[in-house]
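Please open the structure in your viewer and keep the selection tool at hand.

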Amino acid sequence: MRLLRHLLAALLMAAAFTAIPAPARAATVVTYPAPAGAPTTGRYGVSVDGRSSFVNTSGLGAFTNFSFGGGPVVVTVTTSVDSTSPVLRPRDAAIRVTRTAPRTFRFTIPVAGQYSFELGPDTDANPPLFLFANPLEVNPPTGNSATTRYVGPGVWTVDPTGQIVPGAAGTGGTYSVAAGTRLYLAGGAILRGKIRIGSDTEGGAGADGTAVTGRGIVDSTAVVDHGRPLRINNSTGVTIDGPIFLGQKHWGVASRKSRMVTLRNIKVINWLDSDGTGTPDGIDLVASSDVEVDHVFVRSYDDGIAVKSSMSDDTWTGPSARIFVHDSVVFNGRAGNGLEIGRETGAPITDVAYQDIDIIHKLARSDPYARDAISIFVRDGGDVSDVNYTDIRIEECQERYLGFEVTGPGSLSDVTATDVTYAGAPRTLPFVVTGNPAGLLTGVHFHGLRFNGGTTLVTRPSQLTYVTTGYATGVTFGP
């Protein structure tokens, strides 16, 4: 989003010094067909440069999915509820929404990205519309090949034998992507079921050199055991690029004991089960290394994007290292944390970077557990070190601003947070940095920590509602 700001500034400057404006270049827009029988909503309608874009529904809001390139696009949204104060998040994108008529709104999207159109501040009463504005695909497949399983527009189901069959009959199963192959989900495709890469057995066979790509949807809510739409286990060289993953009750997209994994331009929406239970995280990286998470969108009820080195039952324990999460948008729900390292830390975690990320909401709920927009929680014996946060923007936070805590025998060291900005006032919510006698915290540095939307620079802890202990040392604040 910072790149978008620079682009807009450059365009305005060029316009100021250009005597004869260049002719506008029309964008190429691709919208996707609405599969027969696909769930939709009467709350929103969407067109992109005059082309209708199908609106899907989920347990946490509606969403529409399209691709474009070659210029900006004008989006028109019609709604069943009117508003005089709609917003398009992330606010850092600086996209103005214009109300052109009652229940009709228009705005221009200059570059591909993921956005949340919101009618008002209460996103429970008025669930948002998520706009997944993808870049154009390059040479997408048009059918099956020896190494590609092609799933075209329409509704498909993974049958009990693990085969993908047309139609929406029965409850979905699990499709296993074989080593060296790709599953391609075309725009307009809805796959009812789950996807697995590698064995669910710890230390079992992996599926190296695999990919899941396209603009389609994986809907794991059709499975009896809701959730876990994508599991990557014991595998190396995995690319996931483009699809939308819908989940319920359990984790969303997970990588366990895998290496060289790329998650790019994926969208994860994951909500509670119908009985109100579950731990629906967005993305979980467990005992994995050399992972890039690039231009993703997460709307989760529980943790947004989490890095761990073990599971809660101490299985899948191993080091996590060299993880880079960047240029992404997180809408974190009432449980869990926005950006998390931990709580499961049975082995070392090192060299983790979060960069250029918008946390557009961190909601809260009433129970004894405190949750954070940004969290490191060292619960177990693994040491966490060399963690960097750069250009992180938190638009709404209802619980704690930040929690760096060591509660177990492990340690936390060498953490740097640079240019982290909160929309709220510095004293409104707790800012927690603590250790314990068995687990020390040392070497945590904040540079350019700002509040009130960036207007208030914090250079000393007395400006905050700061919570610490004597077991947290070497904590500094500076410009």
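Select glutamate 202 and lysine 257 in this predicted model. Their side chains form a salt bridge, with an N to O distance of 2.8 Å. Glutamate 202 is in the loop between β18 (194-197) and β19 (210-214), while lysine 257 is in the loop between β24 (253-256) and β25 (259-264); the two residues are 55 residues apart. Glutamate 202 has a relative accessibility of 34% and counts as partly exposed. Lysine 257 is also partly exposed, at 31%.

Next, select arginine 264 and glutamate 292, which form a salt bridge whose closest N and O atoms are 3.6 Å apart.

Now select arginine 371 and glutamate 399, another salt bridge, with the closest N and O atoms 3.6 Å apart. Are these two residues buried or exposed? Both arginine 371 and glutamate 399 are buried. Arginine 371 lies in the loop between β33 (349-362) and β34 (372-378), and glutamate 399 in the loop between β35 (384-394) and β36 (400-406).

For a network of salt bridges, select Asp92, Asp356, Asp358 and Arg393. The whole structure contains 25 salt bridges.

Finally, turn to the nonpolar cores. The largest has 74 residues, and Ile283, Tyr354, Tyr389 and Phe404 have the most contacts inside it. Select isoleucine 283: among the residues it touches are Val253, Leu263, Ile266 and Val268. A second, separate core of 25 residues includes Ala27, Val29, Val75 and Leu129.

Key: Residues are numbered from 1 along each chain as its sequence is written. This is a predicted model: local features need pLDDT of at least 70, side-chain atom pairs count only at pLDDT 80 or more; totals for chains, interfaces and linings use all residues. Side-chain values use heavy atoms; hydrogens and water are left out. A nonpolar core is a set of buried Ala, Val, Leu, Ile, Met, Phe, Trp, Tyr and Cys residues joined through side-chain atoms within 4.5 Å. Buried means under 20% relative accessible area, exposed over 50%, partly exposed in between (1.4 Å probe, protein chains only). Contact means heavy atoms within 4.5 Å. A salt bridge is a side-chain nitrogen of Lys or Arg within 4 Å of a carboxyl oxygen of Asp or Glu. Helices (H or I, at least four residues) and strands (E, at least two) are DSSP runs, numbered from the N terminus. Lists of a residue's contacts leave out its neighbours within four places in sequence.
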